[in-house]
Amino acid sequence: MPVIAPMPTRIRTAGVTGIPSPRESADNTVAAGTTVDHLTETYRAHYRSLLGLAALLLDDTASCEDVVQEAFIRVHSARNRVRDPEKTLAYLRQTVVNLSRSALRRRILGLKLLSKPMPDMASAEEGAYDQLERDALIKAMRGLQRRQREVLVLRYFADMTEAQVAETLGISLGSVKAYGSRGIAALRVAMEATA
């Protein structure tokens, strides 16, 4: 924890001593209400009651403890804003309530996102059918002639144009069309036979 500087003493200005300026008295109030010792005492005295407050808002103990700890951390880091030591507990309570709300919002949002299936997600049943079809297609592809299989794989799975397939295989464009056409016809027959 950072060290808190001692309370400022009265400043001598223009030969006047012993009369604090309005700004000086505000500084004294801030310093008196925000010492680490005061926060430590507040922690000891009110940790359980703040934990109970969080428990009324949240449903699991770990989240409640996290919220209360985070509230004390935030009050400690913002202790310059707590001008009155009597308001420290109220500030902590409000912070616990706000952090609990945030935790619930995050939890509800997570549940909403998890409960909605992704639009392109297939069910387990559909996945099994897709796997069976994929296996049947692979088996049918293996039954094709080598050139027909090469043309179909490059054309449809590698997403090449007919010209790119012809260049890759070193054959004419007409041969690519012929092998592709015959390969698709053979695949259609093989797939219908398995269905």
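**Exercise 1.** Is Val153 buried, partly exposed or exposed?

*Solution.* This is a predicted model, in which local features need pLDDT of at least 70 and side-chain atom pairs count only at pLDDT 80 or more, while totals for chains, interfaces and linings use all residues. Residues are numbered from 1 along each chain as its sequence is written, and side-chain values use heavy atoms, with hydrogens and water left out.

Step 1. Buried means under 20% relative accessible area, exposed means over 50%, and partly exposed lies in between (1.4 Å probe, protein chains only).
Step 2. Val153 has a relative accessibility of 34%, so Val153 counts as partly exposed.
Step 3. Val153 sits in helix 6 (residues 146-157). Helices (H or I, at least four residues) and strands (E, at least two) are DSSP runs, numbered from the N terminus.

**Exercise 2.** Classify Thr42 in the same way and list its contacts.

*Solution.*
Step 1. Thr42 belongs to helix 2 (residues 36-57).
Step 2. The relative accessible area of Thr42 is 7%, so Thr42 is buried.
Step 3. Contact means heavy atoms within 4.5 Å. With neighbours within four places in sequence left aside, Thr42 touches Tyr47, Phe72, Thr88 and Leu92.

**Exercise 3.** How are helix 6 and helix 8 oriented to each other?

*Solution.*
Step 1. Axes are lines fitted to C-alpha atoms, for helices over the stretch in contact, and angles run from 0 to 180 degrees between N-to-C directions.
Step 2. The axes of helix 6 and helix 8 (residues 173-194) come within 8 Å and cross at roughly 95°.
Step 3. Angles under 35 degrees count as roughly parallel, over 145 as roughly antiparallel, 65 to 115 as roughly perpendicular and the rest as oblique. Helix 6 and helix 8 are therefore roughly perpendicular.
Step 4. On the helix 6 side, the contact includes Arg147, Val151 and Tyr156; on the helix 8 side, it includes Tyr179, Ile184 and Leu187.

**Exercise 4.** Describe how helix 7 packs against helix 8.

*Solution.*
Step 1. Helix 7 (residues 162-169) and helix 8 pack at about 105°, and their axes are 9 Å apart.
Step 2. Helix 7 and helix 8 are therefore roughly perpendicular.
Step 3. Glu162, Ala163, Val165 and Ala166 of helix 7 meet Leu173, Val176 and Lys177 of helix 8.

**Exercise 5.** How many helices and strands does the chain have, and what share of its residues is buried?

*Solution.*
Step 1. The chain has eight helices and zero strands.
Step 2. Of the 195 residues in the chain, 25% are buried.
Step 3. Among contacts between residues at least 6 apart in sequence, 58% join residues at least 24 apart.
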